Amino acid sequence: MKAAGGKLMATSFSNLVTQISYEMADSTWDDAYVAYWVNMAIRDYSKYFPLLKAQTITTSAADQKYDLNTDYMNVAAVEYPAGQDPPQYLARKAHTQPDFWTAAGWYDIIRHNDDTDPAELWISKSPAAGEEIAVYYHAHHALIANPAAV
């Protein structure tokens, strides 16, 4: 919704559903259906315009595998060690490549078929305890938790 001057203004989910229903000029669909469609649109929008988020991981000595946040879609960049000036970014390489584990500077992402098991970040260098890895990743936009309550 736009205010005078073309600026976008915030609106509640309930007001959005009401506005969509009004624009459709059709009383066939109740608000629960419209709310469901809004969530589907948010999900589709996330595929093409995902959020850019950051996750900071504190390392454990000799641990090269770390869980990623559950909203992770894909990686934009991995900075390790985090906080360097200039930043040092790892390059992606399959962990199955022979030199992955013998040279520093690589990362890989391991996805699991089980939705309850988060994706993992694997790094090639064995870190010291207390170092930080900054993972910049794409995530889905938040869906409306209870669209039926509109």
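Modeller: Here is a walk through the salt bridges, pair by pair. Keep in mind that this is a predicted model, where local features need pLDDT of at least 70, side-chain atom pairs count only at pLDDT 80 or more, and totals for chains, interfaces and linings use all residues. Residues are numbered from 1 along each chain as its sequence is written, and side-chain values use heavy atoms, with hydrogens and water left out.

Searching the whole structure turns up 4 salt bridges (a side-chain nitrogen of Lys or Arg within 4 Å of a carboxyl oxygen of Asp or Glu). Let's start with Lys47 and Asp44, whose closest N and O atoms are 3.9 Å apart. They sit 3 residues apart in helix H2 (residues 31-48), so about one helical turn separates them (helices are DSSP runs of H or I, at least four residues, and strands are runs of E, at least two, numbered from the N terminus). Lys47 is exposed, at 54% relative accessible area, while Asp44 is partly exposed at 36% (buried means under 20%, exposed over 50%, partly exposed in between, with a 1.4 Å probe and protein chains only).

Next up is Lys53 with Asp71, a salt bridge at 2.6 Å, N to O. Lys53 is in strand S1 (residues 51-58) and Asp71 in the loop between strand S2 (65-67) and strand S3 (72-79), so this pair ties together parts 18 residues apart in sequence. Lys53 is partly exposed at 32%, and Asp71 is partly exposed at 22%.

Then there's Asp99 with Lys93, joined by a salt bridge at 2.8 Å, N to O. Here Asp99 is partly exposed, with 31% relative accessibility, but Lys93 counts as buried at 17%.
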